[in-house]
Amino acid sequence: MEHKPAEKVWTPPPALGGRFGNINRPTAGAQFTQELARGDKPLQLYSMETPNGVKVAILLEELAALGVAGAAYDAHRIDIMKGEQFGSGFVAINPNSKIPALVDQSETPALPIFESGAILLYLAEKFGHFLPAGAQRAQCLSWLFWQMGSAPYLGGGFGHFYVYAPEKIQYAIDRFTMETKRQLSVLDNQLQDNEYLCGSEYSIADIAIWPWYAGVALGRVYDAAEFLDAQAYPHLLRWAHQIDARPAVQAGRALFK
């Protein structure tokens, strides 16, 4: 039986419900005027402590641990639950109103970059670290873009319907649990014979993927490790704990808390 929407043209309801219902909008652009804070360091990071939000902080802390002076940064918290991502200053550097965003003040004029994968790639290329050369570069970029395309199924799909949706829809939970477990299996298979996702070298692919998938496997994201049977992915868990022990990763995670 074919199911059709009640309306030919969708109109938003007064409230969507759920944890994020009060900040979701069907339109883009600034909703209020607000200047962004700016420090004097070369890089200005605007983010918070979500899985997407900590990626760039981790990379910047890794660069700091290597003594890369040009990667010094100021961190500014953008509270997405308060709608601060819709302020005019933030929208000017990220028209998509999502965290994280970065401004490189060492460039003239200052250069804004948005989308976490793009920022990681920009910084890795700019400073020459955490991006392999040769054939491994292509593999690293494959895994980086894998994360960017896959995580919405984990976050907006599984996480939303398992944790945040105002009503439990079993079909949606089953559908996105199926895909999430498939993705965990993809990672576990890759890590069976590789120390890191691109082989023996820690890279921006690991930095991009770790906050989401290690977070789930370690029970930090969605409190779903038991539900997803995370113990069934031993190679993923080994990698998750290995990266978790890195001081720069710990510093990046703690930055906005």
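How do α3 and α4 lie to each other, roughly parallel or roughly antiparallel? Before I answer, please keep in mind that this is a predicted model, in which local features need pLDDT of at least 70, side-chain atom pairs count only at pLDDT 80 or more, and totals for chains, interfaces and linings use all residues. Residues are numbered from 1 along each chain as its sequence is written, and side-chain values use heavy atoms, with hydrogens and water left out.

Now to the helices, which are DSSP runs of H or I with at least four residues, while strands are runs of E with at least two, numbered from the N terminus. The axes of α3 (residues 116-127) and α4 come within 9 Å and cross at roughly 155°, where axes are lines fitted to C-alpha atoms over the stretch in contact, and angles run from 0 to 180 degrees between N-to-C directions. Angles under 35 degrees count as roughly parallel, over 145 as roughly antiparallel, 65 to 115 as roughly perpendicular and the rest as oblique, and α3 and α4 are therefore roughly antiparallel. Their contact, meaning heavy atoms within 4.5 Å, includes Leu-120 and Leu-121 of α3 and Leu-141 and Leu-144 of α4.

The second pair is α1 and α8 (residues 247-254), whose axes come within 8 Å and cross at roughly 135°, which makes α1 oblique to α8. Among the residues in this contact are Val-54 and Ile-58 of α1, together with Val-249 and Arg-253 of α8.

Let me turn to the largest pocket, which has a volume of about 1500 Å³. On a 1 Å grid over the protein atoms alone, a pocket is an open set of points where a 1.4 Å probe fits, with protein on both sides within 12 Å along at least five of seven lines, and lining residues have an atom within 4 Å of a point. The volume is the space filled by probe spheres set on the points, which are joined across faces, edges and corners. Of the 45 lining residues, the closest to the centre are Phe-20, Thr-50, Asn-52, Ile-80 and Trp-212, and α4 gives the most to the lining, with eight residues.

Finally, the backbone: most residues other than glycine have a negative phi, and most peptide bonds are trans. Here, however, a cis peptide bond joins Ile-99 and Pro-100, with omega about 0°, and the bond from Thr-108 to Pro-109 is also cis, with omega near -5°. Ser-97, although not a glycine, has a positive phi of about 55°, and Ser-97 lies in the loop between α2 and β3.
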